[in-house]
Amino acid sequence: MSGDRSIHVLASVSDVIEVNDEFEKAIESVLSEKVNSFILPAPGDIETALSAVRDKESGRTAFIPFKPDIAIESIDIPEGAIGRALDFVRTKEEFSTIAERLLKNTFVVKDIKAAFEAISAGRNCLFVTLDGEVIEPS
C-alpha cells in the first residue's frame, strides 16, 4: 500500500488511537479488525484504493474516510456503564472524529451482567467489558 502513489493513506487506526492501560483490552476487543483499517482523505478515495488492492490481489483490508458523509447521533450513558469507550482513548486532534465515529455509542461496563441489564432496560447500543467481551443488543 505504501508504494502505490494512487492511494493517499493518512494513517492507520492503530497509529492514531492511544488507549489508557486499564481499558486496553476492552478497546482492542471492540475495535477488532477495524484497528488495522487505513484512513483515507474522503469516501471517493476508497474506490481508488479498493481498485488498487483488487488489481494487486493484496488480500483483505479496510478503509475509513477521514471526512465521512454521515453524522452519528450521540446517546446518553446507560446506567451501570463505567463510561463511553471514547472517554478512555486519546488521539491527535485532527483524528478525533475517527475515534468518535468508531466508539461514540460504545460503552464500557464492568461485566456482562451490567451489559445485559442495560439492554433489558431498552439501551440499544454496543457494550464491552473490561475483560474485552463485546455485547451487542442483537
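Reply: **Charged pairs and the open sheet**

Glu100 is partly exposed, with a relative accessible area of 32%. Buried here means under 20% relative accessible area and exposed over 50%, with partly exposed in between (1.4 Å probe, protein chains only). The model is a predicted one, in which local features need pLDDT of at least 70 and side-chain atom pairs count only at pLDDT 80 or more, while totals for chains, interfaces and linings use all residues. Residues are numbered from 1 along each chain as its sequence is written, and side-chain values use heavy atoms, with hydrogens and water left out.

The partner of Glu100 is Lys104: the two form a salt bridge in which the closest N and O atoms are 3.1 Å apart. The term requires a side-chain nitrogen of Lys or Arg within 4 Å of a carboxyl oxygen of Asp or Glu. Lys104 has a relative accessibility of 14% and therefore counts as buried. By this rule the structure has two salt bridges. Arg90 and Glu18 also form one, with 3.5 Å between the closest N and O atoms. Since Arg90 belongs to strand β6 (residues 89–90) and Glu18 to strand β2 (residues 18–19), this pair ties together parts that are 72 residues apart in sequence. Arg90 is partly exposed at 39% relative accessible area, and Glu18 is likewise partly exposed at 48%. In general, side chains of opposite charge can pair when their charged atoms come close.

These strands belong to a chain with five helices and nine strands. Helices (H or I, at least four residues) and strands (E, at least two) are DSSP runs, numbered from the N terminus. The elements follow one another from the N terminus as β-α-β-α-β-α-β-β-β-α-β-α-β-β. Taken along the principal axes, the C-alpha atoms fill a box of roughly 50 × 30 × 30 Å. Of the 138 residues in the chain, 38% are buried.

Four of the strands form an open sheet in the order β5-β7-β8-β9, with mixed pairing. β5 (81–84) and β9 (134–135) stand at the edges with a single partner strand each, so one side of each is left without a neighbour in the sheet. Helix α2 (residues 24–31) packs on the sheet, where it touches β7, β8 and β9, and its direction makes about 140° with that of β8. For such angles, axes are lines fitted to C-alpha atoms, for helices over the stretch in contact, and the values run from 0 to 180 degrees between N-to-C directions. Strands β7 (residues 106–109) and β8 pair in the parallel sense over four bridges; pairing requires that DSSP find at least two bridges between two strands. Within this pairing, Thr106 stands opposite Leu126 in β8.

Thr129 also lies in β8, which covers residues 126–129. Thr129 is buried, with a relative accessible area of 1%. Leaving aside residues up to four places away in sequence, Thr129 touches Ala26, Val109, Lys110, Asp111, Ile112 and Ile135, where contact means heavy atoms within 4.5 Å.

Helix α5 (residues 112–120) has buried residues Ala114, Ala115 and Ala118. Seen down the axis of α5, its buried residues fall within an arc of 100°, so they line one face of the helix; the arc is that of the directions from the helix axis to the C-beta atoms. The cover over these buried residues includes β7, β8 and β9. On the face of α5 turned away from the buried side are the exposed residues Lys113 and Ser120. Gly122 follows α5 and has a positive phi, near 95°.

The whole structure contains four aromatic pairs. Rings of Phe, Tyr and Trp (its six-membered ring) pair if their centres lie within 6.5 Å; planes under 30 degrees apart count as stacked, over 60 as edge-to-face and the rest as tilted. One of the pairs is Phe66 with Phe95, edge-to-face at 5.7 Å centre to centre and 80° between the planes. Phe107 and Phe127 form a tilted pair, 6.3 Å centre to centre with 40° between the planes. Phe107 lies in strand β7 and Phe127 in strand β8, so this pair ties together parts that are 20 residues apart in sequence. Both Phe107 and Phe127 are buried.
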